[in-house]
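Please keep the sequence and the model at hand while reading.

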Amino acid sequence: MENKHRYKERIIFAENLGRMKSLSLLTLLFCCQTALFAQKGFLVGVRAIPMYTRIINSTDTDKPSSEYEEKASWGMAGGVALGYNFHKNFGIMANVLYSSQGKNYTSTNPLGQEINHTLRLRYLKVPLMFRATTNPDRKYMIVGELGPQLGILTSVEDRDDDKTYKPEHPQGIYYTNAPDRYNTFNVQNWGVVGAAGVDIKLRFNLKMNAMVRVDYTFGDAEDKSQKYNITEQGITREEK
């Protein structure tokens with residue numbers, strides 16, 4: 001059964017030819033942040049981020065709804081925040097976040113049954129952001145953050161609930177040396193992250209943040225250089 005599932009994944013890999021962009025949209029960010037100095041100096045905090053996420057692939061979205069219909073997909077990220085305020089209104093902020101994101105979609109199998117698909121990508125994200133706030137002497141402060149972000153892929157999970165039988169391979173055609181699912185994605189990608197919201201001063205050196213955060217990757221999340229072999233009528237050829 002394992003090999004049949006892998007064969008099915010190989011066909012899916014070959015069909016997903018569009019550039020895959022990762023988007024975390026309308027992210028609500030909650031965190032607590034401690035300032036070691038009242039207005040200037042080092043900042044240390046924690047992040048908890050529920051997310052609405054998408055992986056955008058034009059090849060998928062151009063398909064009819066019977067083959068591909070995207071559903072809402074939610075994710076979660078969390079980690080630590082480290083920063084430095086070189087001015088009472090300006091500073092830099094770095095995060096180290098573990099993020100689980102991806103997409104959910106449905107298709108229809110040959111029996112007309114609806115199949116649910118889930119793709120989860122787990123990243124270690126390291127954004128470095130310029131941070132600006134209004135008057136830090138007030139209880140409520142408007143805050144904005146913007147900067148680049150490095151994402152490092154740690155694992156991939158791709159599954160569906162299709163219970164129909166999948167043949168090992170079409171008659172006379174053999175697939176070999178197919179990469180595993182993790183290797184069909186780029187391990188590193190670069191993007192941009194922005195956030196805006198409110199800092200709430202709980203005491204002179206402790207703040208709580210409520211922010212909306214968006215991050216977007218520039219490059220293709222998939223690694224199109226990966227290859228596999230197809231053998232047909234005794235002739236083997238290499239395919240991307």
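## Basis and confidence

The structure is a predicted model, in which local features need pLDDT of at least 70 and side-chain atom pairs count only at pLDDT 80 or more, while totals for chains, interfaces and linings use all residues. Residues are numbered from 1 along each chain as its sequence is written, and side-chain values use heavy atoms, with hydrogens and water left out.

The pLDDT is the predictor's confidence in each residue, from 0 to 100. For the protein chain it averages 81, and 83% of the residues score at least 70. Residues 1–17 have a pLDDT below 50, and this stretch has 31 contacts in the model beyond near neighbours in sequence; a contact means heavy atoms within 4.5 Å. The pLDDT is also below 50 over residues 32–38, a stretch with 27 contacts beyond near neighbours in sequence.

Strands, like helices, are DSSP runs numbered from the N terminus (strands: E, at least two residues; helices: H or I, at least four). Two strands pair if DSSP finds at least two bridges between them. Strand β5 (residues 90–108) pairs with strand β6 (residues 114–133) in the antiparallel sense, over 17 bridges. Within this pairing, Tyr98 stands opposite Leu124 in β6. The hairpin of β5 and β6 has 5 residues between the strands, and Gly112 takes a positive phi there, near 80 degrees.

Strand β6 is also joined to strand β7 (residues 140–160), by 15 bridges, and the two run antiparallel. Here Thr133 stands opposite Val143 in β7. These strands, β6 and β7, form a hairpin with 6 residues between them.

## The open sheet

An open sheet is formed by 3 strands in the order β8-β11-β12, with antiparallel pairing. Its edge strands are β8 and β12 (235–239), each of which pairs on one side only. From one strand to the next the twist averages 25 degrees; for such values, axes are lines fitted to C-alpha atoms, for helices over the stretch in contact, and angles run from 0 to 180 degrees between N-to-C directions.

Strand β8 and strand β11 (residues 228–232) run antiparallel and are joined by 4 bridges. The bridge partner of Ile173 in β11 is Glu232.

## Salt bridges

Side chains of opposite charge can pair when their charged atoms come close. A salt bridge is counted when a side-chain nitrogen of Lys or Arg is within 4 Å of a carboxyl oxygen of Asp or Glu. The whole structure contains 16 salt bridges. In one of them, Asp215 pairs with Lys125, with the closest N and O atoms 3.1 Å apart. Asp215 lies in strand β10 (residues 206–217) and Lys125 in strand β6, so this pair ties together parts that are 90 residues apart in sequence. Both Asp215 and Lys125 are buried, where buried means under 20% relative accessible area, exposed over 50%, and partly exposed in between (1.4 Å probe, protein chains only).

Another salt bridge joins the side chains of Arg181 and Asp158 (2.8 Å, N to O). Arg181 lies in the loop between β8 (173–176) and β9 (188–203) and Asp158 in strand β7, so the pair ties together parts 23 residues apart in sequence. Arg181 is buried at a relative accessible area of 9%, and Asp158 is buried at 17%. In a further pair, Glu239 forms a salt bridge with Arg237, with the closest N and O atoms 2.9 Å apart. Glu239 is partly exposed at 29%, as is Arg237 at 37%. Arg47, Arg131, Glu145 and Asp199 are linked in a network of salt bridges.

## Gln101

Gln101 is found in strand β5 and counts as buried at 3% relative accessibility. The side chain of Gln101 makes a polar contact with that of Lys125 (2.8 Å). A polar contact is a pair of N or O atoms within 3.5 Å; within protein, one must be able to donate a hydrogen and the other to accept it, and residues adjacent in sequence count only if both atoms are side-chain atoms. Gln101 and Arg54 are 47 residues apart in sequence, with their C-alpha atoms 7.9 Å apart in space.

## Positive phi in two loops

Asn177, a residue other than glycine, has a positive phi near 60 degrees. Asn177 lies in the loop between β8 and β9 and is exposed, with a relative accessible area of 58%.

Gln233 also has a positive phi, near 55 degrees. This residue is found in the loop between β11 and β12, and Gln233 counts as exposed at 75% relative accessibility.
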